[in-house]
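Please read it beside the sequence and the structure shown here.

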Amino acid sequence: MRVELSRGRRYPEAPHPYRNEYARDRDRIIHSRAFRRLEAKTQVFTIRYSDHFRNRLTHTLEVSQIARTVAGALGLNTDLAETLALVHDIGHPPFGHAGEQKLDELMRARGSRFNHNLQALRIVEQFESPYLDFPGMNLTFEVREGIIKHSHDYTAAEFPHLAEYLLELRTPLEGQLIDWVDEIAYNTADLDDALEAELLDLSALRKEVPLFGDICAKVDASHPSAREKLKFNEALRETVNFLVSDLVFFTRANAQSAGVASVDDIRRAPQRIAAFSKGSAEQNALLKRFLFKHIYNDPAITEDRDRSVHCLEELFLYYLDSPGSMPLSHEESAAAEPRHVVVCDYIAGMTDQFLLRKHQEHFGPASAASSGAG
């Protein structure tokens with residue numbers, strides 16, 4: 001995606017003398033309040049167990065590093081790829097995917113829905129408004145398009161308010177690769193954090209994920225007397241390198257076999273061009289299955305997560321049923337649009353600890369302790 005062919009911004013701006021438009025968007029995202037809040041949002045493991053675990057911000061930085069690497073190897077626009085990586089999780093609520101699922105459940109019960117990609121678009125279009133001349137962050141079309149389309153295809157019939165984003169067409173390759181590099185980043189990082197939390201059974205991992213098992217065997221053979229943690233680190237790096245390389249080579253092969261010669265060809269392709277090979281996709285799926293089976297559903301994680309999500313639900317219902325309980329700006333918004341939507345926006349923007357503090361303020365320390373959120 002060449003920056004000079006961008007569809008531009010909603011509100012025209014004069015060009016910057018030495019930064020291209022996608023680089024400007026990247027900087028706007030990094031300087032936003034929503035981006036800073038990612039530091040205090042859970043990825044998988046809470047800081048209760050260690051200060052070394054990834055949070056939503058460090059995960060985002062790892063995704064952006066891989067995205068730049070893949071985009072550079074494919075000759076794509078690295079600034080656009082990096083920008084989309086940095087913004088891809090900006091709409092996540094507290095408590096990771098469990099928090100997103102609970103908010104969606106609460107919203108669906110009221111005829112709406114919650115999706116972190118669509119929430120990210122609301123953030124950059126409405127909630128982050130640091131400029132004098134226009135509302136929102138005024139990002140380029142391709143960045144806004146990539147925010148909603150990088151991991152999901154939408155239809156104009158189901159989402160008429162998104163019709164401007166060429167929903168009948170594919171997003172450019174810079175957007176398509178984000179979902180894959182996101183998976184590479186969190187699948188491998190979650191293994192590392194699980195080992196730190198002493199929840200990882202390495203023998204089971206080797207057996208159930210042959211890709212990792214084969215790499216471990218090679219590392220063992222070349223460094224038989226090395227410390228086990230260092231051998232694990234090496235195997236994890238090799239796993240990342242294998243998956244990244246496969247994504248690069250197979251995406252290039254897909255583009256060549258499809259005969260694409262332009263962004264328009266990418267947009268009109270019958271299916272997404274960016275992808276793993278079949279074998280690597282199967283190994284990646286096995287890795288995801290292992291993490292759900294052995295890590296994500298471990299009581300050490302689920303008990304803490306479920307208690308926190310229970311606090312989220314209680315706080316949502318409290319704000320919903322208590323006019324005047326939110327900050328003035330949110331109460332003013334609730335006079336113009338459905339209250340449950342404003343409550344959802346307020347809670348989705350909270351960090352983990354801020355939500356728990358608010359829960360304790362309204363329900364008291366005894367209630368927080370009984371729910372495990374104190």
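The expected span of a helix is 1.5 Å times one less than its number of residues, where helices are DSSP runs of H or I with at least four residues, numbered from the N terminus. The model is predicted, so that local features need pLDDT of at least 70 and side-chain atom pairs count only at pLDDT 80 or more, while totals for chains, interfaces and linings use all residues. Residues are numbered from 1 along each chain as its sequence is written, and side-chain values use heavy atoms, with hydrogens and water left out.

**Helix 3 and its ends**
- Helix 3 (residues 56-73) has 18 residues and should span 26 Å, which agrees with the 26 Å between its end C-alpha atoms.
- At the N-terminal end, Asn55 caps helix 3 through a side-chain oxygen that lies 2.9 Å from the backbone nitrogen of Leu57.
- Helix 3 is followed by Gly75, which has a positive phi near 70 degrees.

- The axes of helix 3 and helix 8, lines fitted to C-alpha atoms over the stretch in contact, come within 9 Å and cross at roughly 130 degrees.

**Asp220**
- Asp220 is found in helix 10 (residues 210-222).
- Leaving aside neighbours within four places in sequence, Asp220 is in contact (heavy atoms within 4.5 Å) with Arg206 and Lys231.

Conventions. Helices (H or I, at least four residues) and strands (E, at least two) are DSSP runs, numbered from the N terminus. A polar contact is a pair of N or O atoms within 3.5 Å; within protein, one must be able to donate a hydrogen and the other to accept it, and residues adjacent in sequence count only if both atoms are side-chain atoms. Axes are lines fitted to C-alpha atoms, for helices over the stretch in contact, and angles run from 0 to 180 degrees between N-to-C directions.
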